[in-house]
Amino acid sequence: WIGIVEQSHTTKEGDLWITVDIAPGIRISTAKSRPADENAGTLILDGTPLFASLSKISTGTVVTFSADFIGGALASDDDMVKRPEILARFTDVAAR
């Protein structure tokens, strides 16, 4: 897949979360906190090669990525139709 990094931040525990736009209004994202990620395992853990790679990529960067799609993020009906966000477990991300 190809997309643009919209957001990338660390959680209070030091894990990384990321949001990548793949088309206008369509986002692929990890969960944004450990409680929200409890069963999905989408956060990128500190100390992993993927964390190291993503730490060098800034917001607005065009990236290629591979990911296992988990499902849609719960939101209002309007947001789910007009601005869907798909939860994913990223396996590879690289700047283009």
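This is a predicted model: local features need pLDDT of at least 70, side-chain atom pairs count only at pLDDT 80 or more; totals for chains, interfaces and linings use all residues.
Local features need pLDDT of at least 70 and side-chain atom pairs count only at pLDDT 80 or more, while totals for chains, interfaces and linings use all residues. Residues are numbered from 1 along each chain as its sequence is written, and side-chain values use heavy atoms, without hydrogens or water.

The largest nonpolar core holds 16 residues. Such a core is a set of buried Ala, Val, Leu, Ile, Met, Phe, Trp, Tyr and Cys residues joined through side-chain atoms within 4.5 Å. Buried means under 20% relative accessible area, exposed over 50%, and partly exposed in between (1.4 Å probe, protein chains only). I18, I44, L54, V63, F65, F90 and V93 touch the most other members. Two or more residues each come from β2 (16-23), α1 (49-55), β4 (62-72) and β5 (85-95). Helices (H or I, at least four residues) and strands (E, at least two) are DSSP runs, numbered from the N terminus. Beyond four places in sequence, I44 contacts D15, L16, I18, T30, L50, F51 and L54 (heavy atoms within 4.5 Å).

Three salt bridges were found in the whole structure (a side-chain nitrogen of Lys or Arg within 4 Å of a carboxyl oxygen of Asp or Glu). E6 pairs with R27, with the closest N and O atoms 2.7 Å apart. E6 lies in β1 and R27 in β3, so the pair ties together parts 21 residues apart in sequence. R27 also meets D21, at 3.4 Å from N to O. Shared partners join E6, D21 and R27 into one network.

D15 and R34 form a salt bridge at 2.6 Å, N to O. D15 is buried, at 2% relative accessibility, whereas R34 is partly exposed, at 42%.
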